[in-house]
Amino acid sequence: MAEELVRMAGITKFYGRVKALENVNLTVNRGEVVGLLGDNGAGKSTLIKVLSGAVPATSGDIFIKGRKVEMKGTPDAIANGIETIYQDSALVTQLSIARNLFLGREPLRGPRWLNRLDLEQMEAVASALLKQVGISKAIPASTPIVALSGGERQAVAIARAMHFDSDLIILDEPTNNLGVAETQGVLHFVRTARDSGHSCVFIAHNIHHVFQVVDRIVVMRRGTVVADDIRPGQSSVAEVERVITGMDA
Amino acid sequence: METQSLAKRLFARPEAGPAILLMLLIVVFTAINPTFLSVLNISNTLAFTVELGLIALAMTLLMTAGEFDLSVGSLFGLTPVLMWTLFNAGTTSLALAFLVAMAVAALIGAVNGWFVTALKIPSFLVTLGMLLVARGTALYITDGFPQRTWSAEGQWVADVLVGSVQLGDLRLYMSLVWFVFFALLLHYVLTGTRVGNWIQAAGGNAGAAAARGVNVARVKVGLFVLSAAMAGLAGVISSIRTSAANPNSGTGYELETIAMVVIGGTALSGGRGTIIGTVIGIFILRLMRNGIVMVGVPGLAYNIFIGAIILGMMALHSWLDRRNQSGG
């Protein structure tokens with residue numbers, strides 16, 4: 001029996017008078033990678049924004065490990081073990097990899113009042129994490145993000161989520177604008193995250209990318225969930241496309 | 001190989017260009033007029049340089065966080081006026097008057113920060129408004145006349161802030177000690193502390209910083225308070241040293257300090273700042289002002305040189321940024 005990690009129940013979201021989500025239910029189990037698919041305007045991004053604390057739901061509840069939680073902002077989601085990785089990775093490009101990894105939770109050394117960063121520890125942990133997520137190039141942890149490629153930036157964001165033991169990592173279109181090799185790198189990071197016990201919600205326009213890494217596919221259309229148990233091994237890409245476009249009826 | 005890469009790394013730093021320019025200025029001015037490096041000239045230049053420098057140090061942190069403060073020049077004028085008005089009226093001791101005036105300056109900084117962070121008004125507009133409010137207040141409470149400050153003689157507050165020692169021809173003020181202290185402190189804060197990481201993140205990508213739980217608003221309000229307090233302190237020091245608390249003093253300092261900061265390599269758009277660069281920028285502008293007069297260039301032409309230096313340094317920093325981003 002799969003252990004439930006996150007459950008969104010009856011989520012409805014209005015932007016003014018426009019209904020973006022209607023009574024949406026979504027469950028993610030522990031160690032599961034869920035692909036969230038849907039056409040433009042289907043409500044995927046809004047649902048993810050609600051789950052990551054970026055926008056409040058108009059109504060509905062969110063349960064994490066069976067406990068009802070309030071998401072008033074992104075820090076609430078992070079505190080509840082939910083980490084979201086956006087297309088632009090939400091990194092500070094001027095700061096180094098190590099400083100980004102620990103931003104907001106920097107380790108200190110010496111007396112507390114000195115507020116002194118433990119840069120040595122930060123860089124050592126960052127280097128180990130980069131290896132763990134499979135960045136083969138030797139990139140010093142003191143390298144600023146601005147000097148990294150798109151795929152490497154996603155890797156840093158994923159490494160951060162893994163290090164702080166986020167239970168659920170949400171990847172919002174992580175392969176957009178990436179080349180073939182970099183895309184494969186990101187998909188590899190997702191597998192690494194799953195193998196180390198993290199759950200993931202993976203959103204992408206490219207169904208082929210989703211098929212390569214997810215355990216289950218959820219499809220949204222016009223603000224509602226129309227299918228939530230499509231298994232990549234049991235369905236074809238064409239079948240999923242028909243569900244997305246509504247041609248399956 | 002090692003030396004070459006060290007040299008390459010040094011030249012890639014934003015402080016490298018300004019440091020070379022500073023050395024060039026010293027060499028050229030001394031070659032034309034050897035008294036440029038005389039003890040007396042150094043002594044005179046240092047006295048005023050560090051007062052303006054204190055403001056630029058705080059401005060560096062604020063600009064790294066992506067904001068700037070145009071009200072510093074007015075606070076440089078208002079704070080000593082408040083202090084001396086209170087003291088001369090016999091209401092308080094000089095020490096208490098100093099604390100009250102500094103508290104008012106800090107409060108004005110907090111108001112600037114609140115407008116910027118809570119009402120989401122650009123700092124350019126907020127601090128432009130505060131520039132007028134502070135200057136207007138200074139002029140109103142003094143009727144436009146300078147406050148007498150010669151009674152500072154023998155007051156311990158005055159000694160702590162501006163006391164001086166005479167070493168032969170060289171006269172060193174306590175303000176130099178304060179400048180060195182704050183330069184070291186703020187360099188440490190910016191590069192070696194958690195708060196410094198938050199300051200850089202707030203200016204680099206405020207949304208990402210907030211998402212990681214960094215209280216960006218609190219960081220920025222704190223820096224507005226620091227900026228205002230430093231401007232106030234610099235004004236008080238200057239008023240004691242020159243024996244005049246003029247409500248008009250500090251006019252135009254806001255642009256001069258911002259110029260010092262950007263010449264030193266701090267990004268106007270935020271996210272990257274350097275105290276070492278600012279210290280170099282401070283000396284470039286002050287030595288320039290002093291040097292061009294000493295070599296016989298009309299003082300009125302000063303702004304032409306400053307403008308040219310700003311443009312040249314901006315072009316250099318922009319080129320370095322592009323080169324670093326392309327991995328060159």
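## A partly exposed loop residue

A:Asp39 has 16 C-beta neighbours inside 10 Å and therefore counts as partly exposed. On this scale a residue is buried if 20 or more other C-beta atoms lie within 10 Å of its own, exposed if 12 or fewer, and partly exposed in between, with C-beta atoms placed from the backbone. The model is predicted: local features need pLDDT of at least 70 and side-chain atom pairs count only at pLDDT 80 or more, whereas totals for chains, interfaces and linings use all residues. Residues are numbered from 1 along each chain as its sequence is written, and chains are lettered from A and ligands numbered from 1 in the order in which they are written.

A:Asp39 lies in the loop that runs between strand S3 (33-38) and helix H1 (44-51) of chain A. Helices (H or I, at least four residues) and strands (E, at least two) are DSSP runs, numbered from the N terminus. Leaving out residues up to four places away in sequence, A:Asp39 touches A:Ile244 and A:Thr245; contact requires C-beta atoms, placed from the backbone, within 7 Å. A:Thr27 is 12 residues from A:Asp39 in sequence, and their C-alpha atoms are 20 Å apart.

## Chain A as a whole

Chain A contains eight helices and 10 strands. Its radius of gyration is 19 Å, close to the 18 Å that the globule rule gives for 249 residues, so chain A is as compact as a globular protein of that length. The radius is taken over C-alpha atoms, and the rule is 2.2 Å times the number of residues to the power 0.38. Along the principal axes, the C-alpha atoms of chain A fill a box of roughly 60 × 40 × 40 Å.

Of the 249 residues of chain A, 47% count as buried. Among the contacts in chain A with a separation of 6 or more, 68% are made by residues 24 or more positions apart.

## The four-stranded sheet

An open sheet of chain A has four strands in the order S2-S1-S4-S5, with antiparallel pairing. Two strands pair if DSSP finds at least two bridges between them. S2 and strand S5 (67-69) are the edge strands, each pairing on one side only. On average, neighbouring strands are turned by 25° against each other, direction ignored.

Strand S1 (residues 4-15) is joined to strand S2 (residues 18-29) of chain A by eight bridges, and A:Val6 has A:Val28 as its bridge partner in S2(A). Two residues separate the strands of this hairpin, in which A:Gly16 takes a positive phi near 65°. S1(A) pairs with strand S4 (residues 59-64) of chain A over five bridges, with A:Met8 opposite A:Ile62. Three bridges join S4(A) to S5(A), where A:Ile64 stands opposite A:Arg67.

## Core and interface

The largest nonpolar core has 175 residues, and those with the most contacts inside it are A:Ile158, A:Phe202 and B:Ile55. Such a core is a set of buried Ala, Val, Leu, Ile, Met, Phe, Trp, Tyr and Cys residues joined through C-beta atoms within 7 Å. Beyond its neighbours within four places in sequence, A:Ile158 is in contact with residues including A:Ile85, A:Val133 and A:Phe189.

Between the chains, 20 residues of chain B are in contact with 19 residues of chain A. Helix H9 (194-204) of chain B gives the most to the side of chain B that touches chain A, with six residues.

Terms used. Two residues are in contact if their C-beta atoms, placed from the backbone, lie within 7 Å. Axes are lines fitted to C-alpha atoms, for helices over the stretch in contact, and angles run from 0 to 180 degrees between N-to-C directions.
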